[in-house]
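Please keep the sequence and the model in view while reading.

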Amino acid sequence: MKIKALIFFLTLCNLCLAQVPDLTNWIIDTLPTDDRIYPANNSNDNWIFSKSGDKWEIVRNSFKREKGDSFPFSPDFIDRNLKEIKGNRFVKKTSDGYLVGLNKGEFGGGLYFIKPDGLNGYEMAGYLNIHNIFEYNSKYFAIEGLAHLGGQRGQIIEIFKVDTVWKYKSLTSLVEAPALITDYNNEKIIVTSQYILKFSKDFKVSEILKSPFYWGMLYPSSILIDKSDIYLAMRKGVLKIKTFDKQPEYEWYTPK
């Protein structure tokens, strides 16, 4: 009985930890081709993953302007005191305040430090397009870059303190502009416009795979990893990549 109870408990734990989206109302379709990607680029069918209880649902993208950690300042307060960080921003809380990265696409971005009172802070850079700020092996990093008019640039920057002042430096360049980042086997997985990269514990970047189509045109906006399977939510559908780090197999899901 004890063995059966243990097996049941482990199975239940695995179900709780699973990051598999509910594809009940989705069907497998052929992979997008160029003639389907370009019209989809302008589609309003833009999907993300959202957790409801123990289930990951696929819902329409609400395009939240603020991501990351909670930022305890009202829109009115930001309008009055923090106009420079209005727009799409990523917030990372630190022991002494908040790191804030902006991403305004072709119109620029920026990297800021804001103190807990919201009235004091400073700009570290006024042009970086920040997609995510994260802590990894006791250090702070951000993925940065832009894909625009056929051009691509991307990098990982390290954010660090010198005495009491936050600064940054470029750590390594990326093959393309990054879109998403998540954890996998105590390392980081980065999704770019058409690649999946690994950011390892020694802070080196390596290529895992190149996608069979240019998913950058479909703007991947959400990622889940279950064991060695990746799910990417984007415009028009959800891409499942089985055994992505060994022998990738691709399945493209669209609504029924």
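A residue is called buried when its relative accessible area is under 20%, exposed when it is over 50%, and partly exposed in between, using a 1.4 Å probe and protein chains only. The model is predicted, so local features need pLDDT of at least 70 and side-chain atom pairs count only at pLDDT 80 or more, while totals for chains, interfaces and linings use all residues. Residues are numbered from 1 along each chain as its sequence is written, and side-chain values use heavy atoms, with hydrogens and water left out.

Side chains of opposite charge can pair when their charged atoms come close. A salt bridge is defined here as a side-chain nitrogen of Lys or Arg within 4 Å of a carboxyl oxygen of Asp or Glu. The whole structure contains 13 salt bridges.

One of them joins glutamate 66 to arginine 89, with 2.8 Å from N to O. Glutamate 66 lies in strand β4 (residues 66-68) and arginine 89 in strand β5 (residues 89-94), so the pair links distant parts of the chain, 23 residues apart; strands are DSSP runs (E, at least two residues), numbered from the N terminus. Glutamate 66 counts as partly exposed because its relative accessibility is 23%, whereas arginine 89, at 13%, counts as buried.

Another salt bridge connects lysine 139 with glutamate 158, whose closest N and O atoms are 3.7 Å apart. Lysine 139 belongs to strand β10 (residues 139-148) and glutamate 158 to strand β11 (residues 151-162). Lysine 139 is partly exposed at 33%, and glutamate 158 is buried at 11%.

Terms used
Helix = DSSP H or I, 4+ residues; strand = E, 2+ residues; numbered from the N terminus.
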